[in-house]
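Thank you all for making time for this today.

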Amino acid sequence: MINILFLVMCLVTMSIGHKGNVIPSGLKEEDWELERELNILNKSPIKSIHTKSGYIVDCVDINKQPAFDHPLLKNHKLQRKPIFEKNTIKKRFQNSTIKPKFVLEKFRCPQETVPIRRTTKNDLIQGKLLFNAQNVTQNGEVNHFARVYLSVAGSPYYGVSGTSSVWNPKLYKGQSSAASLYVRRGGGNDLNKISLGWHVFPELYNDGQTYLYMFWASGKNGCFNMLCKGFVQVDRSYNFGARVSKTSTYGGEIMEVPLKISRDNIGNWWLKVADKNIGYFPAALFSSMSTQADEVGWGGYTVTPTGTTSPAMGSGHKPDNDFRHASYFKFVKYLEIIGTEFDPLPFMVESYNDSPNCYGVVNYEDKKKSFGYSLQFGGPGGKCST
């Protein structure tokens, strides 16, 4: 009888989800796995914030966030700030003709908590689809890229930075459009990559607004934003998956954001947005990028279902030498081992644009003095070559 009671108690315990919700019986295996992931990602909050855009941000104990459930981070010690950091934000903008402006939905979590956007089942499903389509054509989706990058010839690299104009390209069902800077090493099944920027992805966010996002991959592991375990959040006011409240207007006011990915001297990769170190990826997560990257870059990419026209990238206009028109990155830099930032050198620089009839990319180098080393990218989309 005791054994039977113990078995019943175990079954009951297994059927209880996060915050006491009962997981329905008869779920398919993939649905059960999604429910299990949701229970891990959605930690019991100290405080919950209902944003104006309709999503919920949970303020979670900084020491109990989902990252610490990752098996590779079992004994990881929380790092609250980078071991070294050079504040170059003011220096970058002192000669700029466009004053930097960046507006996220505002809120602030209590001390010793961090903001994490609450994950829904649809978030997980759509996030996995976009993760699979990030670098290859599969699952009925097609990618297009327009970017400037620093090749392996100039490696190793220890980070990347730049300031991006922020736009709101109009999309259709199943599409996404992003602008980002990135670090990467390897490829195929051993791809290690981190991207940081903004994107529009209606099926993930249930609207056509622009959101701050990050992406990471280590082989088959990784995700967008906080849709899996791994990233350690330390800032209590900025979070990934936050809506950008105001975007640029063609020929008018330009909204922009400084972005930076940097490896500190113990191997963790930090993500900085404006003046905030939002958090980091511990070195243990990466199979080949724990020590360095062999490529960094800046630009945009789009995803669309097979057989459909591709969406707009950036502002929806091709480069035309006017930074009030096409999307741009300015003050672009790469980082060397102690965190010092440098302009790219000619032998390092390559450009890639797989659909010149839909998108453009122009590298201005350092010829536009008020913008530092800069580039423009993007375009209207349409029937693109594959």
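Let me begin at one particular spot, where Arg-185 has Asn-192, a residue of strand β7, as its bridge partner. Before going further, please keep in mind that what you are looking at is a predicted model.

Is β6, then, largely enclosed or largely open to the outside? Of the ten residues in this strand, which spans 176-185, nine are buried, and so the strand is largely enclosed by the rest of the structure.

Let me now turn to the salt bridges, of which the count comes to nine when a side-chain nitrogen of Lys or Arg has to lie within 4 Å of a carboxyl oxygen of Asp or Glu. I will describe three examples.

In one of them, the side chains of Glu-33 and Arg-36 meet with 2.7 Å from N to O. Both residues sit in helix α2, residues 29-41, and because they are three residues apart there, about one helical turn separates them. Glu-33 is partly exposed, at a relative accessible area of 31%, and Arg-36 is partly exposed as well, at 36%.

Another example is the salt bridge of Asp-58 with Arg-118, in which the closest N and O atoms are 2.8 Å apart. Here the pair links distant parts of the chain, 60 residues apart, with Asp-58 in strand β2 and Arg-118 in the loop between β3 and α4. Asp-58 is buried, with a relative accessible area of 2%, whereas Arg-118, at 27%, counts as partly exposed.

The remaining example joins Asp-343 and Lys-333, whose side chains form a salt bridge at 2.8 Å from N to O. This pair, too, links distant parts of the chain, ten residues apart, as Asp-343 lies in the loop between β16 and β17 while Lys-333 belongs to strand β15. Asp-343 counts as partly exposed, its relative accessibility being 30%.

Note on methods:
Residues are numbered from 1 along each chain as its sequence is written. This is a predicted model: local features need pLDDT of at least 70, side-chain atom pairs count only at pLDDT 80 or more; totals for chains, interfaces and linings use all residues. Side-chain values use heavy atoms; hydrogens and water are left out. Helices (H or I, at least four residues) and strands (E, at least two) are DSSP runs, numbered from the N terminus. Buried means under 20% relative accessible area, exposed over 50%, partly exposed in between (1.4 Å probe, protein chains only). Two strands pair if DSSP finds at least two bridges between them.
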